[in-house]
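Hello,

Here is the structure I promised to pass on. My notes follow below it.

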Amino acid sequence: MISNIANSLGFGSGIDTSALVRDLAAASRTPKVQRFDALSRANQAKVSALAQARSDLDSFADSLADLSAGGTLRSKPVTSDDTAIAVTANPGTLLGNYAGEIVVSTLARAQTNYSGYVASTTDPIGQGGMTLTVGTTTFAVTVDATNDSLTGLANAINATGSGVRASVINDAGNFRLVLKGESGAAKAFTLTADASAAPGLSQFATSTMTSGQTASDASFTVDGVAYTRATNNFSDVVPGLTITLKKADPLAPITIGATRPIDTLKQTLNDFVAVFNTLKKDTEAARQANTGNPALRGFERQLGAFIAQPLTTDPNIQSLSDVGISTNRDGTISINSAKMEAALRDFPDAVEAIFNPPRDGVRNETTDPGITFALDALRDAAVATSGPLEQVRASLQREADAIAKNRDRMEVREEAYLTKLEKQYAGMDARIAALKATQSYLEQQIKLWSSSDN
């Protein structure tokens with residue numbers, strides 16, 4: 001132990017071998033660490049540049065999709081009386097200059113009936129069978145020892161799945177049964193007690209209960225054409241519009257028109273140019289950081305081609321270039337305001353269709369990609385397993401893994417080198433100590449011999 005401490009302090013040779021070993025090990029390890037640090041920083045710079053381009057693309061596609069889905073880029077229906085009807089445009093509807101008139105004569109209603117008061121929801125009401133008839137369909141309702149109460153009867157009616165809803169209402173400590181069906185004349189219903197049922201059940205027959213309102217259809221005209229519907233909400237009368245009736249007044253015609261978001265479309269086109277140029281700049285930076293990676297160069301070409309890509313089948317406005325967006329020599333894009341204004345003036349439906357492709361009224365499908373679908377397709381292809389952005393990302397990850405693995409191997413080798421140096425210098429120090437001990441012994445012997453001669 002004392003020998004080890006002495007050796008570590010360089011007592012044998014008088015040299016600080018511990019410091020010498022550390023310096024020699026550092027001289028070997030430091031330049032290698034610096035090289036790996038430089039490689040890691042370079043790799044991270046490439047990763048960051050690529051991640052920025054990917055983030056730009058994701059934000060671009062998602063923001064445009066949100067705008068289109070939110071309806072801010074398509075024409076909106078307006079009415080002369082929002083308290084009487086509500087109108088919304090279905091996705092893919094191009095209202096253009098639509099104008100119509102609706103007159104609501106009656107609203108669709110659901111039948112309601114309510115019983116007289118009873119003192120308790122749990123007291124027996126009588127057992128037996130009842131028959132619930134909705135339209136031409138009958139449903140059996142049974143009250144027996146397990147559900148002989150007002151609540152039990154309501155639950156039994158609700159369990160039929162008939163569409164008639166039974167509720168037990170508390171009115172100042174007294175209770176009554178309320179029945180409500182579905183709207184429309186075809187959903188009128190009756191509830192009768194079977195002949196063998198206990199007399200108490202007859203008070204809940206619809207012939208005995210009070211009628212709140214009768215089932216009826218909505219009746220109305222659109223541009224003079226008469227319609228009836230079982231509900232007050234429908235989307236099969238005016239193509240592309242969902243209409244909800246709120247109030248009936250046969251003497252008060254209500255107009256339906258449309259407003260087009262011209263200013264929003266202009267702003268969105270200008271915003272598209274700005275965001276596209278940011279994406280282009282960051283993609284170029286990613287390519288340069290990755291020493292002209294051919295996959296990224298290919299993605300840049302795809303971006304450049306996007307401006308002329310057909311987005312609609314309209315013969316007048318098919319691509320972004322038709323609304324005034326053009327590609328500059330450096331790959332960025334710009335917009336010709338005069339051409340955009342002319343497109344919005346002369347072909348407003350077609351410009352709107354770029355952001356809101358028209359849909360088939362029956363299948364709710366569209367054959368036009370529109371800008372949102374086209375940008376999503378570009379993004380999905382870029383980040384797919386074989387896509388350019390994913391290829392570069394995977395390559396950079398492999399590079400980072402290789403750097404980390406080689407760094408670990410270097411550290412193992414340098415640790416072994418440090419151990420070797422420590423053994424070598426410990427051995428040297430021990431040999432020098434031994435030589436010094438021999439020297440001291442010889443010097444003592446010489447002194448003794450000299451003394452003896454004298």
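**Salt bridges and cores**

Aspartate 37 and arginine 407 form a salt bridge, with their closest N and O atoms 2.8 Å apart. A salt bridge here is a side-chain nitrogen of Lys or Arg within 4 Å of a carboxyl oxygen of Asp or Glu. This pair links distant parts of the chain: aspartate 37 is in helix α2, arginine 407 in helix α9, 370 residues apart. Helices are DSSP runs (H or I, at least four residues), and strands likewise (E, at least two), numbered from the N terminus.

This is a predicted model: local features need pLDDT of at least 70, side-chain atom pairs count only at pLDDT 80 or more, and totals for chains, interfaces and linings use all residues. Residues are numbered from 1 along each chain as its sequence is written, and side-chain values use heavy atoms, leaving out hydrogens and water.

The count comes to 22 salt bridges. Glutamate 414 meets lysine 32 in one of them (3.4 Å, N to O). Aspartate 58 pairs with arginine 379, closest N and O atoms 3.0 Å apart. Aspartate 58 lies in helix α2 and arginine 379 in helix α8, so the pair ties together parts 321 residues apart in sequence.

Now the cores. A nonpolar core is a set of buried (under 20% relative accessible area, 1.4 Å probe, protein chains only) Ala, Val, Leu, Ile, Met, Phe, Trp, Tyr and Cys residues joined through side-chain atoms within 4.5 Å. The largest has 43 residues; Phe272, Leu320, Ile325 and Ile371 have the most contacts inside it. A second, separate core of 24 residues includes Met130 and Phe189.

Best wishes

Terms used
Buried < 20%, exposed > 50% of the residue type's maximum accessible area, 1.4 Å probe, protein only.
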